[in-house]
Every structure is written in structure tokens, then in C-alpha cells.
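The sequence and structure come next.

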Amino acid sequence: LMLGIIRSELLKMRHTFSMKLIILAPLVTLLLGYLLSGSYVQLSAYNWWYSMILPLVVSLCSASMIVREKRTGMQNIVCLPVRFDKIWLGKTAAFAILLFVANLLLWISTTVVGFVTKVTVSPLDGLIGCMLLFLTYIWQIPFIMLLVNFMGYIPAVLVSLAANMILSAVGAEAKWFLYVPYAIPTRIVYPFFKMHANGIPLESGSPLLSGEYVLPALIISLVFALVVFLVSSKLFSRGGRTHG
């Protein structure tokens, strides 16, 4: 049943802008990195990806997942003989799969181009960094969908983008970054991409290169994702039934 729900959600997105964005965003990021940094395309591409492009993709696509349902008065949800939390999980899982694909495409394209230009991030470090970004962004999917229900599409996207860009920039290198879920993705990839959030390479011997906090930060982010999912499914369930 769950696989069927996920497949249905992916089919709904088949010809949408969101699906195109999953493919285009990594390629645009790579092109941007090359135009701005030449042979240092890897460092530039990874930096643009986690600081701006990925937050944009997650915000737009997560919001689009639920705005389609709002346009039909939630009839596609409330009329189904399926528990709401399963539908909510299906929507979250469907975009999580696409989020994984987007990060994988970014890693593959950036790694290939690196061999042609200059390898500044090893293939293994690049892969670990992209997978950590994927895992630490999952919590935002149900959270943004919930925001759309209460705020509308554009306000939710703007709030999400602002929170990602501001809180990651301010909190990533702070001692309290573990308490700010938006700061975790940026901080957790420092040991692998070896650069500050502003794109400047980390100094040799910098404590930010230490990977000791990677596992705790990842666990916190995944636990937070579970909490956000459970809370959002309950809140949106009430909203959805009200619409019905």
C-alpha cells in the first residue's frame, strides 16, 4: 500500500516543474560553478548547492507537493479510504526520493567535471557530503508542506528560503549549531567540502574540519525529522478534514 501511495505521488509530479527542477538544478549549479570559478568548479558548485540552490529546490518542490491538493479543496486526500498519516508519509517519502536523486546527480556531475578540470573534493568526500545534505534536509519536507497549509505557497517558500539562508549563515559556525536544524546541513559538510559557507577554503588545522560532531548532528536531524513528521501529519489531518 505504501509503495502504491509513493508511486502515485511520483506520477502526479511526472510532468511538473518540480520534476524538471530535480534534473535541472544540479546542472545549473555545475554550470554556475564553472562560470564563476573555472578549474575550481567543484568547490564553487558544492558551495552554491548547499548555500542557495538546494534550499530553493526543497522549498519550491515541498510547497508544490501540497499546493496541488489545496487547489482541489483537499478532495483527493479526504476521500481516500487510507489513514491520513500514511498519505502524508507517502508524500514525504516521494519527495525524499527525488531529493536523494538531486543530490546524487549533483555529486556525479561534479565528480566527472572535477576529473576534467581539477579535483578539489575527492569523490568519496563529495558523496558523503551530498548524502549528509540529503538526510539533514528531510525534516523540511513535511514542515514546508505544513507551512503551505497555514500560510499559502509564496509566503511558505519565502519563509523557508530566508530561514535556510540566514540561520545557516549565522549558526553553522556557532557553538550552538546543534540546536538550529537549519544550520546543521551546512556545518555537517565542512569536513568533506572543506570550505566555509561563504565559499572560502577552511584553513589547515581548523577545528571545523573535525568530523566528531557529524554523527551526533545527523542523529539530531533525523530525530527532528521524525518529530516534525508526526506533528505535521496530525495538524494537517485536522486541516484537511476541515476542508473536506
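## Helix packing and burial

T186 sits in helix α9, which spans residues 184-188. Helices are DSSP runs (H or I, at least four residues), numbered from the N terminus. The model is predicted: local features need pLDDT of at least 70, side-chain atom pairs count only at pLDDT 80 or more, and totals for chains, interfaces and linings use all residues. Residues are numbered from 1 along each chain as its sequence is written, and side-chain values use heavy atoms, with hydrogens and water left out.

T186 is buried, at a relative accessible area of 4%. Buried means under 20% relative accessible area, exposed over 50%, and partly exposed in between (1.4 Å probe, protein chains only). Neighbours within four places in sequence aside, T186 is in contact with Y50, S168, A172 and A197. Contact means heavy atoms within 4.5 Å.

Helix α1 has a buried side. I5, I6 and E9 of α1 are buried. Seen down the axis of α1, the buried residues fall within an arc of 95 degrees, so they line one face of the helix. The arc is that of the directions from the helix axis to the C-beta atoms. On the face of α1 turned away from the buried side, L3 and R7 are exposed.

| Helix pair | Angle | Axis distance |
|---|---|---|
| α1 (residues 2-12) and α5 (residues 84-116) | about 60 degrees | 8 Å |
| α7 (residues 140-151) and α8 (residues 153-171) | about 140 degrees | 7 Å |

Axes are lines fitted to C-alpha atoms, for helices over the stretch in contact; angles run from 0 to 180 degrees between N-to-C directions. The angle of about 140 degrees makes α7 oblique to α8. Angles under 35 degrees count as roughly parallel, over 145 as roughly antiparallel, 65 to 115 as roughly perpendicular and the rest as oblique. The crossing of α7 and α8 is right-handed: the near helix is turned clockwise from the far one by less than a right angle. From α7, the contact uses Q140, I144, L147, V148 and M151; from α8, it uses Y153, P155, A156, V159, S160 and N164. By class, that contact of α7 with α8 has eight nonpolar, three polar and no charged residues. Ala, Val, Leu, Ile, Met, Phe, Trp, Tyr, Cys and Pro count as nonpolar, Asp, Glu, Lys and Arg as charged, and the others, Gly among them, as polar.

α1 and α5 also cross in a right-handed sense. Among the α1 residues making this contact are M2, I5, I6 and E9; α5 contributes residues including K86, I87, L89 and G90. The contact of α1 with α5 has ten nonpolar, one polar and four charged residues.

Key
Helix = DSSP H or I, 4+ residues; strand = E, 2+ residues; numbered from the N terminus.
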